[in-house]
Amino acid sequence: MLPFKLVYSDDYYLPIGSHVFPAEKYRRVRDRLLENGVCRPEDIVAPRAATDQDVLLVHTPQYVEKLKTGTLSAREELEMEVPYSPELVRAFWMAAGGSMLAADHALNDGVAFSIGGGFHHAFPDHGEGFCMIHDVAIAIRRMQRDDKIRNAMTVDCDVHQGNGTAAIFAGTRIPSDPLPSASASTLNPTRPAKMRNAHAGDVFTISLHQDNNYPAFKPPSSIDVDLPDEIGDDDYLAWLDNALSSGLRQFEPELLCYIAGADPYREDQLGGLSLTIEGLKKRDDLVFRVAKARGIPVMVTLAGGYARKIDDTVTIHCNTVIAAKEVFGPS
Ligand SMILES: [Zn+2]
């Protein structure tokens, strides 16, 4: 039995046909966690789909109308990079409902997962990069509307920058001086990463990502760490530690939304970093330990993962649940 809940629905499945996005990964993660005894059936709770009102907390009425009536332009559908269907709309509304439920459980139990979600490339008025609507942003805005939280922090460790998250929560930002770099001794001086910092509104956004990757234009997050190609576990963990410390010096979130992409993995087809499966689990462990030490509830979503072997993607996502169990479980 887990000391927290896993939110999952078979309706998370994205009906996108043969696609680099492995739509069956959600069911496979759930199955593997049950088979390996990491969780029991009673740890898993089913979400209800978000309502249109929930979605409208983040997205424009015009965009929601286009999605509900199937009237996206060809260019808009191309930019989304997944084929439009009413069934796909239902799957994304379910993902948003799942993240809302996970946020709620996180406030009760200290941590909760949605075995789905993390669609961080969706903007208020359009979808991009396999993301139709922004489930995490919808969950945050719903929690705020219900007076359950006043503010939140997103920690996005997907290999691609969280451009939708940055745009949605942009607010009024004042660029600040560059931060001191992570302990230089652990980092390769010939291939420096860059850390950019801007003042945040009520949601503080942190993104660690490969600089030389989609999206080409990266709207500023509160903290962006632009990583060079092919950095490995040690450098990545040093930058993550640095970004978390810096963010939490500036901001005290009532909820941390961890976007735990599996695509910084060295075997990823859409990523160019060189993390190992063990390094990715250390990444998860670091996020959970930092949050637990400060008493910040954590809501986790899966986001991307395009390993050559889908089994590796499933392993990386399952390890995130195992890392949470080790940190938040009885010691
Ligand atoms: Zn990604």
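Here are a few notes on this structure, point by point.

1. Before you start: this is a predicted model, where local features need pLDDT of at least 70 and side-chain atom pairs count only at pLDDT 80 or more, while totals for chains, interfaces and linings use all residues. Residues are numbered from 1 along each chain as its sequence is written, and side-chain values use heavy atoms, with hydrogens and water left out.

2. Start with the zinc ion. Its protein donors are D158 (OD), D158 (OD), H160 (ND1) and D263 (OD), at 1.9 to 2.8 Å. Donors here are N, O and S atoms within 2.8 Å of the metal (3.2 Å for Na, K and Ca); water is not among the atoms, so sites may look incomplete.

3. What about the geometry? The 4 donor atoms subtend angles of 52 to 152° around the zinc ion, so the arrangement is irregular. For reference, four donors count as tetrahedral if all angles lie between 85 and 135 degrees; four count as square planar and six as octahedral if opposite donors are over 155 degrees apart and all others between 65 and 115; anything else is irregular.

4. Along the chain, the zinc donors follow the spacing D-x1-H-x102-D. D158 sits in the loop between β4 (152-156) and α7 (163-168), and D263 in the loop between β8 (256-259) and α9 (277-294), so the pair links distant parts of the chain, 105 residues apart. (Helices, H or I with at least four residues, and strands, E with at least two, are DSSP runs numbered from the N terminus.) Both D158 and D263 are buried. Buried means under 20% relative accessible area, exposed over 50%, and partly exposed in between, with a 1.4 Å probe and protein chains only.

5. How many disulfides does the structure hold? The count is 0, a disulfide being a pair of cysteine sulfur atoms within 2.5 Å. The sulfur of C39 has its closest cysteine sulfur in C318, 8.7 Å away, too far for a bond. For C131 the closest one is in C257, at 15 Å, also too far. C39 is buried, with a relative accessible area of 3%, and C131 is buried with 3%.

6. Now the helices. α1 (residues 25-35) and α10 (residues 310-328) pack at an angle of about 60°, with their axes 9 Å apart. That makes α1 oblique to α10: under 35 degrees counts as roughly parallel, over 145 as roughly antiparallel, 65 to 115 as roughly perpendicular and the rest as oblique. Axes are lines fitted to C-alpha atoms, for helices over the stretch in contact, and angles run from 0 to 180 degrees between N-to-C directions.
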